[in-house]
Amino acid sequence: MKTTSLCYIEENGCWLMLYRNKKAQDDNKGYYIGIGGKCEPGEAIDDCMLRETKEETGLSLTEYRRRGLIHFRSDRYPDEEMYLYTASAYTGTLTKECAEGELSWITKEDVLSLHIWEGDAYFLKRLLRDDAYFEMTLLYRGDKLDRVIYEDGSELLAETTGY
């Protein structure tokens, strides 16, 4: 199982989003996501998030908050535990070139209209509502979301709810 971090950096009502379009072999190619990546062996999750943010954006976060834990399960991809963050302050200058794709500030109201993974909409809505720390499991069949299981055990069938 892989462990990853994902951070949504906020500024002036926008989130910094990464459109993944530069790597040939990229499971996220063609999707907008937050900033993050895989933990190195022995690396603490907060350190992973700070390192990935610096590598991808050139920014050093000075205020951030762990918001949730998302369990990804799939019949195609390896299981993943993704620690979810938001950040509200940083130092440095945003890089013009990111090896992963194109960085852009997107208004928070417009994020759900981007080409995102189906499951991302469920945790993004929780971030937009400013919910306290939460967990959820996103079950995929291929690239299609099958079910969402919330921390209280309740489930949604993705095909009947949309986002």
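Predicted model: local features only at pLDDT ≥ 70, side-chain atom pairs only at ≥ 80, totals over all residues.
Residues are numbered from 1 along each chain as its sequence is written, and side-chain values use heavy atoms, with hydrogens and water left out. Local features need pLDDT of at least 70 and side-chain atom pairs count only at pLDDT 80 or more, whereas totals for chains, interfaces and linings use all residues.

The chain contains 3 helices and 10 strands; helices (H or I, at least four residues) and strands (E, at least two) are DSSP runs, numbered from the N terminus. Read from the N terminus, the order of elements is β-β-β-β-α-β-β-β-α-β-β-β-α. The radius of gyration, taken over C-alpha atoms, is 15 Å, close to the 15 Å that the globule rule gives for 163 residues, so the chain is as compact as a globular protein of that length. The globule rule is 2.2 Å times the number of residues to the power 0.38. The C-alpha trace spans about 45 × 35 × 30 Å along its principal axes.

Of the 163 residues, 47% count as buried. Buried means under 20% relative accessible area, exposed means over 50%, and partly exposed lies in between (1.4 Å probe, protein chains only). The chain exposes about 8400 Å², of which carbon and sulfur atoms supply 47%; these areas come from the Shrake-Rupley method with a 1.4 Å probe. A contact means heavy atoms within 4.5 Å. Among contacts between residues at least 6 apart in sequence, 63% join residues at least 24 apart.

In soluble globular proteins, nonpolar side chains tend to be buried together. A nonpolar core is a set of buried Ala, Val, Leu, Ile, Met, Phe, Trp, Tyr and Cys residues joined through side-chain atoms within 4.5 Å. The largest such core here has 43 residues, and the members that touch the most others are Tyr8, Ile70, Leu84, Phe123, Met136 and Leu138. Helix α2 (residues 120–128) gives the largest share of this core, 5 residues.

Helix α2 is mostly covered, with 7 of its 9 residues buried. These are Asp120, Ala121, Tyr122, Phe123, Leu124, Arg126 and Leu127. The helix is followed by Asp130, which sits in the loop between α2 and β8 (134–141). Asp130 is not a glycine, yet its phi is positive, about 60°. Asn12, also not a glycine, has a positive phi of about 50°. Asn12 lies in the loop between β1 (2–11) and β2 (14–20) and is exposed, at 73% relative accessibility.

Strand β2 includes Met17, which is buried at 0% relative accessibility. Beyond four places in sequence, the contacts of Met17 include Tyr8, Tyr32, Ile33, Leu103, Ile106, Val111 and Leu114. Met17 and Arg147 are 130 residues apart in sequence and 25 Å apart in space, C-alpha to C-alpha.

Thr57 belongs to helix α1 (residues 45–57) and is buried, with a relative accessible area of 0%. Its side chain reaches the backbone oxygen of Thr53 at 2.6 Å. A polar atom of the Thr57 side chain also lies 3.0 Å from the backbone nitrogen of Leu59. Not counting residues up to four places away, Thr57 touches Leu16, Ile35, Thr93, Leu94, Thr95 and Leu103.

Lys108 is placed in the loop between β7 (101–107) and α2. At 18% relative accessibility, Lys108 counts as buried. A polar contact of 3.1 Å joins its side chain to that of Glu10. A polar contact is a pair of N or O atoms within 3.5 Å; within protein, one must be able to donate a hydrogen and the other to accept it, and residues adjacent in sequence count only if both atoms are side-chain atoms. Apart from residues up to four places away, Lys108 touches Glu10, Gly13, Cys14, Trp15 and Leu128.

A disulfide is a covalent bond between the sulfur atoms of two cysteines. With a disulfide taken as a pair of cysteine sulfur atoms within 2.5 Å, the count is 0. The sulfur of Cys7 is 11 Å from the closest cysteine sulfur, in Cys48, which is too far for a bond. Cys48 is in no disulfide either, and the nearest cysteine sulfur, that of Cys39, is 3.3 Å away. Cys7 is buried, with a relative accessible area of 0%, and Cys48 is buried at 0% relative accessibility.
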